[in-house]
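Me: Hi! I'm new to this one and would like a friendly walk through it. Can we look at it together?

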Amino acid sequence: MSAATAPAHRDGERAGGVPWWLVLAVGIAWALFALAMIQFDLTTERSIAVLLGVVLLVSAVSELLATTATTRDWRWSHALLAVLFVAGGVVALAWPDPTFTVVARIVAWYLLGKGIYDVVNAFVARRAELRTTELRGTAQWWMPLIVGAFEIGVAFWAAAYPNRSLTLLVLWVSLAALATGLTKIAMATRMRGVRRELAALDMFPSTGFGAPAVSEATRTHARTEAHARTEAQTRTEATAGEARGQGRFA
């Protein structure tokens with residue numbers, strides 16, 4: 001391993017060692033949980049609010065898991081989401097007399113915040129992907145973009161729906177859980193793709209759902225190539241100097 005790749009290897013070790021398949025398993029568990037929700041016999045706003053509170057609190061735990069699987073540049077964002085989800089979960093559980101409107105708006109704000117985060121993350125990943133050719137195609141930047149657009153759409157649907165429907169309320173909570181699962185599945189796919197390419201390049205920087213994994217790898221690879229070009233140019237100039245010196249003496 002070269003001197004340029006050694007710091008990248010140390011960065012990867014400090015970024016956390018959560019395997020991609022564990023994140024994938026969490027995403028699949030969320031999807032199954034979302035399917036089970038719509039089969040629950042929930043007949044009151046209070047019971048749905050409790051379910052929503054549980055979803056938000058478990059989502060916070062998932063974001064804390066994500067902080068161990070992403071780069072240092074993005075850990076703060078997952079930690080911030082975890083804090084916001086905990087706050088939303090406490091509000092949903094502690095609200096004295098939750099109504100349809102209260103529960104629907106908590107769901108809407110949850111999905112809107114998470115959707116904006118995923119869309120921004122997707123465009124940042126796309127920007128990093130366009131800067132390199134070696135890692136292009138591995139980031140799957142369009143996956144969080146689709147999930148984020150889906151979340152924002154459901155958020156506006158839940159916030160603007162004029163009628164009272166407990167069935168729809170359960171469906172919105174279920175879709176919120178499904179969106180969380182899809183996000184984790186997309187994250188696992190990205191982690192697996194980037195790590196596979198970096199292994200082929202003999203580089204091991206930390207990986208995450210956002211762009212830092214690709215950008216760190218790109219910078220390291222660029223430094224390695226620049227160093228190799230500089231050494232080659234130096235050797236060429238030295239050889240040419242020796243040849244000119246021998247010519248003069250001849």
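Me: Which side chain meets glutamate 151 in a salt bridge?
Reply: That is lysine 114, at 3.1 Å from N to O. A salt bridge here is a side-chain nitrogen of Lys or Arg within 4 Å of a carboxyl oxygen of Asp or Glu. Before we go on, this is a predicted model, where local features need pLDDT of at least 70, side-chain atom pairs count only at pLDDT 80 or more, and totals for chains, interfaces and linings use all residues. Residues are numbered from 1 along each chain as its sequence is written, and side-chain values use heavy atoms, with hydrogens and water left out.

Me: Is glutamate 151 buried or exposed?
Reply: Buried, at 0% relative accessibility. Lysine 114 is buried too, with a relative accessible area of 2%. Buried means under 20% relative accessible area, exposed over 50%, and partly exposed in between, with a 1.4 Å probe and protein chains only.

Me: Which residues are joined with them in one network?
Reply: Salt bridges that share partners join Lys114, Asp118 and Glu151.

Me: How many salt bridges does the structure hold?
Reply: Four. One of them brings together the side chains of glutamate 45 and arginine 164, at 2.3 Å from N to O. Glutamate 45 lies in helix H3 (residues 45–67) and arginine 164 in the loop between helix H6 (142–160) and helix H7 (166–200), so this pair ties together parts that are 119 residues apart in sequence.

Me: And what about lysine 184, which residue is its salt bridge partner?
Reply: Glutamate 63, with the closest N and O atoms 3.1 Å apart. Lysine 184 is in helix H7 and glutamate 63 in helix H3, 121 residues apart. Both lysine 184 and glutamate 63 are buried.

Me: New topic: how many helices and strands are there?
Reply: The protein chain has eight helices and zero strands. Of its 250 residues, 45% count as buried.

Me: What is the volume of the largest pocket?
Reply: About 240 Å³. On a 1 Å grid over the protein atoms alone, a pocket is an open set of points where a 1.4 Å probe fits, with protein on both sides within 12 Å along at least five of seven lines, and lining residues have an atom within 4 Å of a point. Grid points are joined across faces, edges and corners, and the volume is the space filled by probe spheres set on the points.

Me: Which helix gives the most to that lining?
Reply: H4, with seven residues. Helix H4 (72–94) and helix H5 (100–130) are the elements that give two or more residues to the lining.

Me: Last one: what does glutamine 140 touch?
Reply: Not counting residues up to four places away in sequence, glutamine 140 touches Glu129, Thr189 and Arg190, where contact means heavy atoms within 4.5 Å. Glutamine 140 is in the loop between H5 and H6, and at 18% relative accessibility it counts as buried.

Conventions: Helix = DSSP H or I, 4+ residues; strand = E, 2+ residues; numbered from the N terminus.
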